[in-house]
Amino acid sequence: MTDALILVSLLLVAASATAAVAVRDPARQALVLAVLGLALAVLFTVLQAPDVGLSQLAVGSALTPLLILLSVRKVRRRGQHRNGGQ
């Protein structure tokens, strides 16, 4: 049973990592990165490392995508402000 869970978790991580690379829009990449962080947290939990899984859940699936989304938003606003003012 645990081998099947590990295999499913690894496949989920591989699929979400591939999707993160394939997506071109930075905002969508951040959302896919959040899914990847969640998949990695599940994988770490299945591999009996719940402390690493909780850290990954907090940082990899919440904090990092949030910072990326805020950065993309600020860059896009700055670009619109410069283009609209000219």
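A residue is called buried when its relative accessible area is under 20%, exposed when that area is over 50%, and partly exposed in between, using a 1.4 Å probe and protein chains only. By this rule A41, with a relative accessible area of 7%, is buried, and its place is in helix α2. The model described here is predicted, so that local features need a pLDDT of at least 70 and side-chain atom pairs count only at pLDDT 80 or more, while totals for chains, interfaces and linings use all residues. Residues are numbered from 1 along each chain as its sequence is written, and side-chain values use heavy atoms, with hydrogens and water left out.

## Overall form

The protein contains three helices and zero strands, where helices (H or I, at least four residues) and strands (E, at least two) are DSSP runs numbered from the N terminus. Along the sequence the pattern reads α-α-α. The C-alpha trace spans about 60 × 25 × 10 Å along its principal axes. The radius of gyration, taken over C-alpha atoms, is 16 Å, whereas a compact globule of 86 residues would have a value near 12 Å; the globule rule is 2.2 Å times the number of residues to the power 0.38.

Of the 86 residues in the protein, 23% are buried. The accessible surface comes to about 6200 Å², and carbon and sulfur atoms account for 67% of that surface; such areas come from the Shrake-Rupley method with a 1.4 Å probe, and for residues only the protein chains shown count as cover. Among contacts (heavy atoms within 4.5 Å) between residues at least 6 apart in sequence, 55% join residues at least 24 apart.

Leaving aside neighbours within four places in sequence, A41 is in contact with G53, Q56 and L57. The C-alpha atoms of A41 and L5, which are 36 residues apart along the chain, are separated by 13 Å. L40 also lies in helix α2, but L40 counts as partly exposed, at 22% relative accessibility. Not counting residues up to four places away in sequence, L40 touches V13 and Q56. Between the C-alpha atoms of L40 and A30, 10 residues apart along the chain, the separation is 15 Å.

S61 belongs to helix α3, which covers residues 50-85, and S61 is buried, with a relative accessible area of 18%. A polar atom of the S61 side chain lies 2.5 Å from the backbone oxygen of L57. Residues up to four places away in sequence aside, S61 touches A34, G37, L38 and Q56.

## The salt bridge

The structure holds one salt bridge, a term for a side-chain nitrogen of Lys or Arg within 4 Å of a carboxyl oxygen of Asp or Glu. R76 forms this bridge with D25, and the closest N and O atoms are 2.6 Å apart. The pair links distant parts of the chain, since R76 is in helix α3 and D25 is in the loop between α1 (2-22) and α2 (26-46), 51 residues apart. R76 is partly exposed, with a relative accessible area of 40%, and D25 is likewise partly exposed, with a relative accessible area of 27%.

## Surface features

V59, L63, L66, L67 and L70 form a nonpolar patch on the surface, and together they have about 450 Å² of accessible area. Patches are made of residues with over 30% relative accessible area and no salt bridge, with like charges joined within 9 Å and nonpolar side chains (Val, Leu, Ile, Met, Phe, Trp, Tyr) within 5 Å.

D3 lies in helix α1 and counts as exposed, at 62% relative accessibility. D3 and L63 are 60 residues apart in sequence and 30 Å apart in space, C-alpha to C-alpha. Q48 is found in the loop between α2 and α3, and Q48 is exposed, with a relative accessible area of 70%. The phi angle of Q48 is near 65°, a positive value in a residue other than glycine.

The table sets out relative accessible areas for some of these residues.

| Residue | Relative accessible area | Class |
|---|---|---|
| A41 | 7% | buried |
| S61 | 18% | buried |
| L40 | 22% | partly exposed |
| D3 | 62% | exposed |
| Q48 | 70% | exposed |

Key:
A polar contact is a pair of N or O atoms within 3.5 Å; within protein, one must be able to donate a hydrogen and the other to accept it, and residues adjacent in sequence count only if both atoms are side-chain atoms.
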